[in-house]
Amino acid sequence: MSNAYESDGEEETGIGGPLLINRLEECGLSATDIKKLKDAGFFTVEAVAFAPKKALLNIKGVSENKADKFLAEASRIVNMGFTTAMEVHQRRQEIITITTGSKELDRALGGGIETGSITEIFGEFRTGKSQLCHMLAVTGQLPINLGGGQGKCLFIDTECTFRPSRILSIAQRYSLGGEDTLDNIAYARAYNTDHQTSLLIQAAAMMSESRFSILIVDSAMALYRTDYAGRGELAARQIHLAQFLRQLQKLADEFGVAVVITNQVVAQVDGGSSMFQTDPKKPAGGNIIAHASCTRLYLRKGRGENRICKIYDSPSLPENECTFSILEDGISDAVE
């Protein structure tokens, strides 16, 4: 028995779901134009409506008049104007959160990992970043009434830390079929920053065909720190990183998935000022990744198998800390 919600893509056109790109055929776009858009990574009407005009002009065979037509037709279908704060409030009340497996951590996060936005998890090695990612890859498949997202998982691995054996252990905790749980995780290993970005086009295609609840990138910064070296390439690195993070946010906006990225830390060596700081470590990526992430979680080591999570930055959550534990069957409440 499959434990994730199966969909053939038609479900996605319902209320609250993305509108598939084929809808534009009803507005007069040819099948050839639709194919050009799909080949360029546009699989929903929202993707076209949210795109800047120059992104459409970069598609081979698309003239300025045609780009204007694409945007005009997409804008008629997708509401791009103002709405009331009350409507925004009502939509936010319906946002699904995915459980982390720890009641304390869920409470600190206001219910769990929020869908439709980017959550960044950063910390030193052995603080539980990858373990939390494995946990979410399973809990995202649970039914909504059990704290899940009722969808599949996309997992982009840049550090070769994905272990199916951990998935099986966590699935057993929730009485899920091991094979089905693994089948519902689409896994890809990224080998460089260009490859990492191109995988998001494949991700968009897969999300347009089946229901996914979460997209995990573990880790978002690892390849950028090796592909771009020194201050001479810093500007190019940050531009590329900003484009990658923008694509992640687009997927969250279009498909309503939770986007979870992990990040490494760097030591601050600012001279005398760092000597007086209790914790001289900060997340890698600078202001680009700081502004792109909606919620930032800072993990650090506790006693034994316990880990401490600090709400480092959030537009709605207060800055606080909680403790959780890493056990054989995944993330759980702290062990005394």
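This is a predicted model: local features need pLDDT of at least 70, side-chain atom pairs count only at pLDDT 80 or more; totals for chains, interfaces and linings use all residues.

Which residues of helix 4 are buried? They are A67, F70, L71, E73 and A74. These residues cover an arc of only 170 degrees around the axis, so they lie on the same side of helix 4. An α-helix has 3.6 residues a turn, so residues three or four places apart point the same way.

On the face of helix 4 turned away from its buried side sit the exposed residues N65 and R76. The length of the helix can be checked too: helix 4 runs over residues 64-77, and at 1.5 Å a residue its 14 residues should span 20 Å. Its end C-alpha atoms are 20 Å apart, which agrees.

## A look at R173

R173 belongs to helix 8, which covers residues 164-173. Is R173 buried, exposed or partly exposed? With a relative accessible area of 27%, R173 is partly exposed; that value falls between the 20% limit for buried and the 50% limit for exposed.

Leaving aside residues up to four places away in sequence, R173 touches G101, M135, D329, G330, I331 and S332.

## The chain as a whole

The chain holds 13 helices and 13 strands. Its radius of gyration is 21 Å, close to the 20 Å that the globule rule gives for 336 residues, so the chain is as compact as a globular protein of that length. Along the principal axes, the C-alpha atoms fill a box of roughly 65 × 55 × 40 Å.

Of the 336 residues, 48% are buried. Among contacts with a separation of 6 or more, 65% are between residues 24 or more positions apart. The accessible surface comes to about 16,500 Å², and carbon and sulfur atoms account for 51% of that.

## Confidence

The average pLDDT of the chain is 91, and 92% of the residues score at least 70. Residues 1-15 are a stretch where pLDDT stays under 50. For residues 1-15 the model has 35 contacts beyond four places in sequence.

Methods: Residues are numbered from 1 along each chain as its sequence is written. Side-chain values use heavy atoms; hydrogens and water are left out. Helices (H or I, at least four residues) and strands (E, at least two) are DSSP runs, numbered from the N terminus. The expected span of a helix is 1.5 Å times one less than its number of residues. Buried means under 20% relative accessible area, exposed over 50%, partly exposed in between (1.4 Å probe, protein chains only). The arc is that of the directions from the helix axis to the C-beta atoms. The radius of gyration is taken over C-alpha atoms; the globule rule is 2.2 Å times the number of residues to the power 0.38. Contact means heavy atoms within 4.5 Å. Accessible areas come from the Shrake-Rupley method with a 1.4 Å probe; for residues, only the protein chains shown count as cover. pLDDT is the predictor's confidence in each residue, from 0 to 100.
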